[in-house]
Amino acid sequence: MASELRSLVLCAFAALIAGVAISWAVSVWRPRRGGFALTLGVLLAVNLPAVLGLRSPVLLFLAGLPLVLLATAPRFETLNREYAGAARSLGASELRIFLRLILPLSWHSVLLAYVLALYAPFAELLL
Amino acid sequence: MTHARLTRRVSAGFTLQAEFAMPAGVTALVGPAGAGKSLALELIAGFARPDAGRVMIDDAIVFDGETRVNLPPRRRRAAHVASRDTLFPHMTVRENLMFAASRRARLERHKRVAGIMEQFALEETAGSRTAARIARAILSEPRLLLIDECGVDEPLLRRTMSAFPGPVLLVTRDLDLCHACADEMVLLEAGRVVQRGATREVLDAPESAAAAGLLGFDNVFAATIAALDPGRDTSRLECEHFAFTGPYLPGHFNGDRVQVAVRSGVLRVHSGEIAAGVNFVALPLAAVSERLRGARLSFAHGVVAEVPRGEWERQRDNKSWQVEFPPAALRVF
């Protein structure tokens with residue numbers, strides 16, 4: 001049980017990092033086409049292992065990912081629109097914008113995303 | 001040299017197509033809502049991509065449609081001050097300024113921030129947020145300052161000009177501010193430049209009905225030149241319902257169809273009983289709007305005059321009216 005919990009915490013964290021990265025990338029580059037394909041891809045990726053009956057930490061990771069995206073994408077979208085443009089024209093790099101502006105202004109969304117990523121495998125009845 | 005040539009199709013009915021230079025000093029971009037002023041700023045800043053054209057900032061090409069040069073905003077050195085409040089909300093004003101001055105080493109950064117805070121009368125928490133945003137933009141050491149409509153007044157613009165010697169592109173609708181501070185003016189309407197040039201020349205001599213409308217010439221009439229007399233420096237202009245004596249018009253001929261524009265503020269109104277002088281036109285009064293600075297009188301045939309309050313109080317009981325069009329104030333194009 002303890003090792004399962006530990007792998008859950010780690011997998012949720014991995015989902016958080018990956019999800020936040022994808023979410024920020026999508027809100028910056030705003031793919032004109034392919035938004036739908038991306039959503040569908042994420043959903044399939046999440047459900048396919050469960051359908052195939054796989055059980056592994058990858059499953060925990062994949063279960064958390066879409067929830068991280070859901071929790072962070074709208075906030076990132078807003079912040080990108082409101083403040084990132086100003087920061088870019090001041091000469092700030094994307095990394096600096098993310099670390100100095102986006103993370104401090106969206107920590108509650110990120111926290112929520114982590115909680116959801118922890119909770120997701122229970123909702124999916126994986127554990 | 002700082003210069004922009006922009007083409008960007010926004011929708012089937014609206015294409016921005018503008019070309020203008022931005023010499024050092026303030027260039028005012030003037031136009032009605034939806035003329036594409038903010039879009040032009042965003043294209044120059046690099047937030048959106050023009051379909052074609054070229055943007056040159058301080059001799060560096062930052063966008064060129066043909067060779068596909070398209071530098072990201074942070075490499076353009078064009079600081080953009082948006083029309084909305086973009087001060088980073090989790091930082092104090094000083095921290096905001098520090099963020100922009102990050103190119104500099106720590107000691108120099110503190111010095112510069114302290115200097116500009118004094119110059120713009122900024123405080124840690126209070127003070128004008130617009131001033132803070134302009135100060136922040138200047139601290140990033142741009143080569144071009146783009147200021148969207150954000151409530152810049154004359155003292156703030158003067159401070160900006162003394163702190164930043166390079167070109168400033170200012171979107172505004174305040175013609176008084178343009179007259180006081182701007183060196184160059186670009187009139188934009190429906191995505192097209194209708195006139196550009198030195199501010200006072202543009203303000204004083206509109207070249208088209210569209211430009212006249214943007215410049216506060218609220219009386220525009222179609223007219224025919226009936227006579228031209230270079231000897232006495234006069235001309236005779238016949239409109240549909242009345243006729244004027246104007247200044248001599250070089251470059252025009254008898255019978256030319258022209259437009260006559262005049263600002264409502266320079267028209268004078270008189271009682272119908274007094275003897276008519278030069279360019280006195282008897283007109284019935286249609287409507288009156290009593291405003292803060294004076295009364296706005298709408299006469300028949302679309303003539304609008306603005307008279308100071310005292311003048312209106314004195315004349316409000318007139319039974320009939322004459323409107324005087326001072327010949328020197330008539331603009332013909």
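Reader: Two strands count as paired when DSSP finds at least two bridges between them. On that basis, over how many bridges do β12(B) and β15 of chain B pair?

Author: This is a predicted model. In it, β12(B) and strand β15 (residues 257-262) of chain B pair over six bridges, in the antiparallel sense.

Reader: Which residue stands opposite B:N219 there?

Author: The residue opposite B:N219 is B:V262 in β15(B).

Reader: And β12 with β13 of chain B: how many bridges, and parallel or antiparallel?

Author: Strand β12 (residues 219-229) of chain B runs antiparallel to strand β13 (residues 234-239) of chain B, and six bridges join them. Two facing pairs can be named: B:T224 stands opposite B:E238 in β13(B), and B:I225 stands opposite B:L237 in β13(B).

Reader: What happens in the hairpin between those two strands?

Author: The hairpin of β12(B) and β13(B) has four residues between the strands, and B:D233 takes a positive phi near 55° in it.

Reader: Going on to β14 of chain B, how does β13(B) pair with it?

Author: The two strands pair over five bridges in the antiparallel sense, with β14 covering residues 243-247 of chain B. They also form a hairpin, with three residues between β13(B) and β14(B).

Reader: How many bridges join β16(B) to β21?

Author: Four bridges join β16(B) to strand β21 (residues 321-324) of chain B, and the two run antiparallel.

Reader: Stepping back, into which domains is chain B divided?

Author: Chain B is divided into domain 1 (3-214) and domain 2 (219-332). The centres of domain 1 and domain 2 of chain B, taken over C-alpha atoms, are separated by 38 Å.

Reader: How many residues of each are in contact?

Author: Four residues of domain 1 of chain B are in contact with four residues of domain 2 of chain B. By class, the touching side of domain 1 of chain B has four nonpolar, no polar and no charged residues.

Reader: What about chain B against chain A; how many residues are in contact?

Author: There, 17 residues of chain B are in contact with 14 residues of chain A. On the side of chain B that touches chain A, the elements giving two or more residues are α2 (73-76), β7 (78-81), α3 (93-100) and α5 (129-139) of chain B. The largest share, three residues, comes from β7(B). By class, this side of chain B has 10 nonpolar, four polar and three charged residues.

Reader: Last one, on chain A. What does helix α3 span between its end C-alpha atoms?

Author: Helix α3 (residues 57-89) of chain A spans only 42 Å between its end C-alpha atoms, whereas a straight helix of 33 residues would span 48 Å at 1.5 Å a residue.

Reader: Where is the kink in α3(A) centred?

Author: The kink in α3(A) is centred on A:Y83 and is about 45°. Just after α3(A), A:G91 takes a positive phi of about 95°.

Methods
Residues are numbered from 1 along each chain as its sequence is written. Chains are lettered from A and ligands numbered from 1 in the order in which they are written. This is a predicted model: local features need pLDDT of at least 70, side-chain atom pairs count only at pLDDT 80 or more; totals for chains, interfaces and linings use all residues. The expected span of a helix is 1.5 Å times one less than its number of residues. The bend at a residue is the angle between axes fitted to the seven residues ending there and the seven starting there. Domain bounds come from an automatic or database domain assignment. Two residues are in contact if their C-beta atoms, placed from the backbone, lie within 7 Å. Ala, Val, Leu, Ile, Met, Phe, Trp, Tyr, Cys and Pro count as nonpolar, Asp, Glu, Lys and Arg as charged, and the others, Gly among them, as polar.
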